[in-house]
Amino acid sequence: MNSDLFKVFRNDLGFELEIVLLDIKDTHLDSVKDYIELLETYKPKSIGVNLCNSEDKSEILNSYLIGNQNIVTCDCQPNSDKGTSKIISPKNQVTHFKTDKDSYFEIQLSDKPNELKERNNEVERINYRAEDRYVTAQLSEVERMDSEFLKGKTILIGFLQDSLVTPMNYWYDSNKNIIGDMSDTQISANIISTINRNEFINEVPLVIKMLIILIISLFCAGVIRLVRTKYLILDILLGLTILIALNLLSGYIIVFAFSKNYYLQLHEMATVLIVISILSIYWNIKDKHVSLPNINPPTQD
């Protein structure tokens with residue numbers, strides 16, 4: 001269900017035309033400096049560079065990036081205050097990003113860090129777009145790109161090699177060893193887009209979640225008790241029908257909440273409904289077998 005919320009059940013968020021991704025996979029690192037200098041003449045809103053997946057080094061490029069205050073460079077040291085804000089799980093999955101510092105790479109490149117701070121959350125869930133919803137090109141093609149199109153855009157430069165797993169991955173909910181579906185730079189673009197467009201996904205509080213489970217469970221028990229019949233097999237079939245219907249209802253509630261940018265998890269719902277259904281059917285059967293009072297016949301003197 002988690003991945004389906006992003007891939008199937010929600011409306012398409014559309015194209016993100018304010019962020020441009022430039023891949024440096026086929027570009028020598030020493031040449032990247034020249035392309036960035038050309039990009040600066042196009043007057044983009046900001047330029048971010050992430051070289052963390054590069055095995056090569058370039059003193060020319062490093063010196064240029066350190067000396068250029070107009071370029072935001074991602075610090076590749078683990079847990080750096082100026083590194084990426086994304087949170088990588090032990091399974092190499094990325095669903096959230098950190099918001100506790102303004103110095104993170106993506107937050108420096110965003111337009112609305114103050115609005116993010118006002119939400120008062122230490123982490124936020126990334127509202128992913130599909131890969132094909134971003135403008136992507138090779139850095140070496142910059143000379144042939146329309147300078148007017150790049151003007152005022154956020155430019156992200158990095159290796160667009162799929163290495164991390166996101167909820168957009170077809171196998172996301174499986175227990176297999178999953179091949180990555182997005183790169184560092186693509187995930188950074190999704191984080192920046194989530195902030196800039198104020199498309200945050202709000203986590204439903206635990207109290208509300210438990211209240212929903214309680215209400216549906218009580219409703220399940222009440223309906224099964226009300227529709228009881230004098231036939232055992234019919235009671236069981238009705239109980240199963242009600243169980244399936246309420247599980248579908250809980251799925252609809254999850255999808256509806258997500259359409260309103262609320263993330264609701266009801267993993268316990270199915271188990272709770274099964275237990276409630278079994279107990280309710282058991283009570284129905286027990287009620288039918290209430291024994292009549294045992295009346296002894298009168299004895300003759």
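Residues are called buried under 20% relative accessible area, exposed over 50% and partly exposed in between, with a 1.4 Å probe and protein chains only. By this scale C220 is buried, because its relative accessibility is 0%. The model is predicted: local features need pLDDT of at least 70, side-chain atom pairs count only at pLDDT 80 or more, and totals for chains, interfaces and linings use all residues. Side-chain values use heavy atoms, without hydrogens and water, and residues are numbered from 1 along each chain as its sequence is written.

A disulfide is defined as a pair of cysteine sulfur atoms within 2.5 Å. One disulfide is counted by this rule. The bond joins C52 and C76, with the sulfur atoms 2.2 Å apart. C52 sits in the loop between strand 2 (46-50) and helix 3 (59-67), and C76 in the loop between strand 3 (71-73) and strand 4 (86-88), so the pair ties together parts that are 24 residues apart in sequence. Helices (H or I, at least four residues) and strands (E, at least two) are DSSP runs, numbered from the N terminus. The torsion about the S-S bond is about -95°, so the disulfide of C52 and C76 is left-handed. C52 is partly exposed, at 28% relative accessibility. C76 is also partly exposed, at 42%.

C74 has its closest cysteine sulfur in C52, at 4.1 Å, which is too far for a bond. C74 is buried, with a relative accessible area of 5%.

Helix 8 (residues 206-226) contains L211. This leucine, L211, is partly exposed at 44% relative accessible area. Its C-alpha atom is separated by 33 Å from that of Y231, 20 residues apart along the chain.
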